[in-house]
Amino acid sequence: RVGSATSLSSTTINSRLQELVRLFKERTEKVKEKLIDSDVTSDEESPVPSPAAAPLPAPGGELEGDRPSGDDHYCEMLCCTFKHRPWLDRLKSYKFPSSIDPLTNLMYVLWLFFVVMAWNWNCWLIPVRWAFPYQTAANIHYWLLVDYLCDLIYLLDILIFQTRLQFVQGGDIITDKKAMKENYMRSQRFKMDVLCLLPLDFFYFKVGINPLLRFPRCLKYMAFFEFNSRLEAILTKAYIYRVIRTTAYLLYSLHVNSCLYYWASAYEGLGSTTWVYDGEGNSYIRCYYWAVKTLITIGGLPDPKTLFEIVFQLLNYFTGVFAFSVMIGQMRDVVGAATAGQTYYRSCMDSTIKYMNFYKIPRAVQNRVKTWYEYTWHSQGMLDESELLVQLPDKMRLDIAIDVNYNIVSKVALFQGCDRQMIFDMLKRLRSVVYLPNDYVCKKGEIGREMYIIQAGQVQVLGGPDGKSVLVTLKAGSVFGEISLLAAGGGNRRTANVVAHGFANLFILEKKDLNEILVHYPESQKLLRKKAKKMLKSNSKPKDEKGGPGDPLIIPPRAETPKLLRAALAAAGRTGARGAGGRLRWRLRELRAMRE
């Protein structure tokens, strides 16, 4: 029992002594480092937030967050409870906005869609009902029902939506109800909207239901052009809508011409001559076919006989040539705008290939250049991302850079604890570069002037005697090259070879850009300098310190006893202290003997 108690006491004293030695040594190293470099701050780089207090359980045993609130709605199905959206309550509590932003409000774009549908009803069907005998006494009530429904949409647009549209005056966005109403009533839009709702329908009681009396409804064309502008702003591929719209222009011109041809045929008498419509088959399809042949000037039409037919045919030919040429030119512009990026890519690639052929560049190099062009274009949709952002103001470029790159850069351990605004400034200096498989990103021994952040793909760090052994594979979000970027005084040479493993998209931050940024952030500069010194110190340690695997040490060497502790022990020996001091001296002699 005496031996076991002595062994336990020795173990306790040994562990406490080792802890005391370690604390003294760490404190000595910190003091020495602070004396050498006055810029080094404490290890607490950023304050650690205190843990939030856990919610107290309710008397029933459940947490407050686990119980459904009174505003939530749940439905039970089998053995589970599901939450469903109370859409009926939301619909009842919905309040129409007092002001509408016409540039960003999707609800306003949806309302413009209904207005444009009502406008198209009038533009397409008024000529049909006027020329063709499709409006009869048996179906007149259906036509009038849809007509007055379109008039109701026009009226709601004037009274509710147009009077709530925000506008800019003197650089300020005006949202006052009275000011918005007065601005709309002073605009040209208001005059055209009132004109298109002229109540000419009262003449029905005198001249009968004539669709031409509704022709002013077609004057609401401003809503159509506004809808086109708003819709193109929210579409990802607006050129598809432009092609459809241009095609609709051509079809509408043919539609109007077919209506005019049937009216001319009815005026001359159906089947009276070989030129007019003979009244057989579907009247609209046959007249539309004639309009297509006339406007496109295909030929093969019967010759007009009377003066009226000759004049009508000449006007059709002149209008057809003009309208068709305008449609072809507009379609060319739409398709050219849609393929402008592809055309630029092809021109750049053709110029590069011509240059390489002129200087007789090896075929292997040419193939790698072509591969880079194709991969960069298909992965990014452009060759240089910075070209799109040049025209934007600095604030908008920063917002885009934060949305695109901040999630990646904020995870880099090197920049954790730095000023947030410094990270924002650094995002604007990042440059995106694509590397092909087996491309050397950097080579050992070369001067390092940039740091790399992996956006997508992987890179491999090579080493070993032959320089081809894969030491580590870095994935998206990793950073390398920071030692060369932050080192000073000859320590900015690359320490390893880095090769792209597959296609890799990297962000590059140059040394001069980082130095320009750090001038304005001295605290972050101190923090990065401290991290750089730690990295250099850890990389410069010789490998022999750790010992090889073939000669493990049974008793590892211990650190030298600090001077302050030795002085305390010497003082205790001179005074002949007993008890704990004596046991401590005895333990030190035993340890010294074991080391020898």
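This is a predicted model: local features need pLDDT of at least 70, side-chain atom pairs count only at pLDDT 80 or more; totals for chains, interfaces and linings use all residues.
Residues are numbered from 1 along each chain as its sequence is written, and side-chain values use heavy atoms, with hydrogens and water left out.

The unreviewed UniProt entry places the feature "transmembrane region" at residues 100-120 and 140-161, an annotation that may be inferred rather than shown by experiment. Residues 100-120 are 71% helix and 0% strand, with end C-alpha atoms 25 Å apart, whereas residues 140-161 are 100% helix and 0% strand, with end C-alpha atoms 31 Å apart; helices (H or I, at least four residues) and strands (E, at least two) are DSSP runs, numbered from the N terminus.

Leu155 belongs to helix α4 (residues 140-161), and at 38% relative accessibility it counts as partly exposed, where buried means under 20% relative accessible area, exposed over 50% and partly exposed in between, with a 1.4 Å probe and protein chains only.

The count of aromatic pairs comes to 32, given that rings of Phe, Tyr and Trp (its six-membered ring) pair if their centres lie within 6.5 Å, with planes under 30 degrees apart counted as stacked, over 60 as edge-to-face and the rest as tilted. The pair of Trp111 and Phe161 is stacked, because the ring centres are 4.4 Å apart and the planes stand at 10°. Since Trp111 lies in helix α3 (residues 106-131) and Phe161 in helix α4, this pair ties together parts that are 50 residues apart in sequence. Trp111 is buried at 13% relative accessibility, and Phe161 is buried as well, at 8%. Tyr184 and Phe190 form an edge-to-face pair, 5.3 Å centre to centre with 80° between the planes; Tyr184 is buried at 4%, while Phe190, at 22%, is partly exposed. Ring pairs also link a cluster whose members include Trp130, Tyr261, Trp263 and Phe312.

Turning to the backbone, Lys360 has a positive phi of about 55° although it is not a glycine, and its place is in the loop between α12 (340-358) and α13 (363-380). Asn438, likewise not a glycine, has a positive phi of about 70° and is found in the loop between β5 (431-435) and β6 (440-442). Lys360 counts as exposed at 72% relative accessibility, and Asn438 counts as exposed at 60%.
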